[in-house]
Amino acid sequence: METNLRTLGPKEAKAVLSFREQGRSIVRAADVISILGSEQTARKVIRNLLRKGWLTRLLGGRYLFLPPEHGPENLGENNALALASAVVEPSYVGWWAAASYHGFTTQKPTTICVATRRQLSARSIEGNEIRFVSVVERKFFGFKTYDLYGREATISQPEKTVADCVDRPDLAGGAAEVTRILYGASSGVDPAEILNAALRMKSVALLQRLGYLTDLVGWKWPEPQRERLHAAISKSARTVFGRAQRAEGDVGYVAPWGLIVHARASELLADVPQIKPTGSN
């Protein structure tokens with residue numbers, strides 16, 4: 001009778017015990033070769049450990065170790081954020097998935113976006129769709145390691161998550177979802193920290209959207225922060241937010257922020273609790 005139990009042969013057991021003793025969560029092919037002393041044997045053991053559910057393949061000779069605490073059955077790894085975070089270093093889980101983790105939205109993205117310093121192809125790992133986004137050096141900061149049910153995952157910090165989402169609405173569910181995320185952050189994230197992150201990213205479009213959206217959701221920032229935000233935006237700067245083309249009933253030009261909004265206020269606020277647009281459709 002076939003079973004789904006995670007058994008171990010003698011050489012597989014030697015490898016697994018070594019992973020445990022060394023405290024490894026990420027295993028490379030070279031590590032297994034070093035433990036077993038033979039590349040041929042190591043390749044066979046890796047195949048067996050993958051098949052039996054002791055390893056999950058991440059990327060090119062890089063694997064996630066599923067220790068005995070995962071139980072006796074081969075159920076795979078179901079910690080999607082930890083999986084996504086483990087694929088490549090350095091990297092961090094950001095945008096929509098990070099906003100969901102921090103509680104800024106109730107939505108769960110179907111694809112996890114991971115910030116990296118080099119471009120990689122999208123992958124599906126254990127049924128999780130993972131997209132890698134190459135980020136320029138000035139925007140690659142503001143992340144830390146969190147404990148997720150016994151697994152480590154590198155995720156953008158709350159203030160950087162907000163800045164990232166406003167910077168790339170396309171990676172955070174679109175304009176309306178970014179509005180919801182900003183509102184969700186308003187109850188617990190320090191405006192000064194968000195502003196510091198946004199200024200460090202050196203994107204005028206990000207600053208314009210940030211100013212407009214904080215006003216839209218009724219998030220009253222201290223005057224010093226508002227002044228710093230305004231001062232960083234050139235008076236001639238113009239940016240579009242929302243759809244590519246304007247439609248009837250859209251907000252249009254917002255003079256205080258130099259922003260052209262191709263969306264209705266009611267659309268942007270659709271998922272924001274208790275906020276109703278005034279004098280807009």
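This is a predicted model: local features need pLDDT of at least 70, side-chain atom pairs count only at pLDDT 80 or more; totals for chains, interfaces and linings use all residues.
## Notebook: rings, loops and strands

I started with the rings and counted seven aromatic pairs in the structure.

Next I looked for rings that join up. Ring pairs link Y92, W95, F140 and F143 into one cluster.

**Charges over a ring**

Which residue has its charged end over the ring of F141, 4.7 Å from the centre? I found K160 there. I then looked at R200. R200 also lies over the face of F141, and I noted 3.8 Å to the ring centre.

**The whole chain**

I stepped back to see the protein chain as a whole. I listed eleven helices and twelve strands. The C-alpha atoms fill a box of roughly 70 × 40 × 30 Å along the principal axes. The chain has 281 residues, and 51% of them are buried. I looked up contacts with a separation of 6 or more, and residues 24 or more positions apart account for 58% of these. The exposed surface comes to about 14100 Å², with 48% of that supplied by carbon and sulfur atoms.

I went to the loop between β3 (62–65) and α4 (80–86), where P67 has its place. Is P67 buried or exposed? Its relative accessible area is 14%, so P67 is buried. The cut-off for buried is under 20%. I listed what P67 touches beyond four places in sequence: R6, R20, W54 and R151. I also traced P67 to S25. The two are 42 residues apart in sequence, but their C-alpha atoms are 8.2 Å apart in space.

N79 is in the loop between β3 and α4 too. I read a relative accessible area of 9% for N79, so this residue is buried. A polar atom of the N79 side chain lies 2.9 Å from the backbone oxygen of L148. Leaving aside neighbours within four places in sequence, I found N79 in contact with L148, Y149 and R151. I saw R151 in the P67 list as well.

**H102, another loop**

I moved on to H102, which is in the loop between α5 (95–101) and β5 (111–116). Which backbone oxygen does the side chain of H102 reach at 2.7 Å? I found that of S156. With neighbours within four places in sequence set aside, H102 is in contact with Y146, I155, S156, Q157, P158 and T161.

**β5 and its partners**

Five of the six residues in β5 are buried, so the strand is mostly covered. I then looked for its partners. Strand β4 (residues 91–93) pairs with β5 in the antiparallel sense, over three bridges. Across this pairing I saw V93 opposite V114 in β5. How many bridges join β5 to strand β7 (residues 128–134)? I counted six, and these two strands run parallel. One residue I checked was A115, and its bridge partner in β7 is V133.

Note on methods. Residues are numbered from 1 along each chain as its sequence is written. Side-chain values use heavy atoms; hydrogens and water are left out. Rings of Phe, Tyr and Trp (its six-membered ring) pair if their centres lie within 6.5 Å; planes under 30 degrees apart count as stacked, over 60 as edge-to-face and the rest as tilted. A charge sits over a ring if NZ of Lys or CZ of Arg is within 6 Å of the ring centre and within 35 degrees of the ring normal. Helices (H or I, at least four residues) and strands (E, at least two) are DSSP runs, numbered from the N terminus. Buried means under 20% relative accessible area, exposed over 50%, partly exposed in between (1.4 Å probe, protein chains only). Contact means heavy atoms within 4.5 Å. A polar contact is a pair of N or O atoms within 3.5 Å; within protein, one must be able to donate a hydrogen and the other to accept it, and residues adjacent in sequence count only if both atoms are side-chain atoms. Accessible areas come from the Shrake-Rupley method with a 1.4 Å probe; for residues, only the protein chains shown count as cover. Two strands pair if DSSP finds at least two bridges between them.
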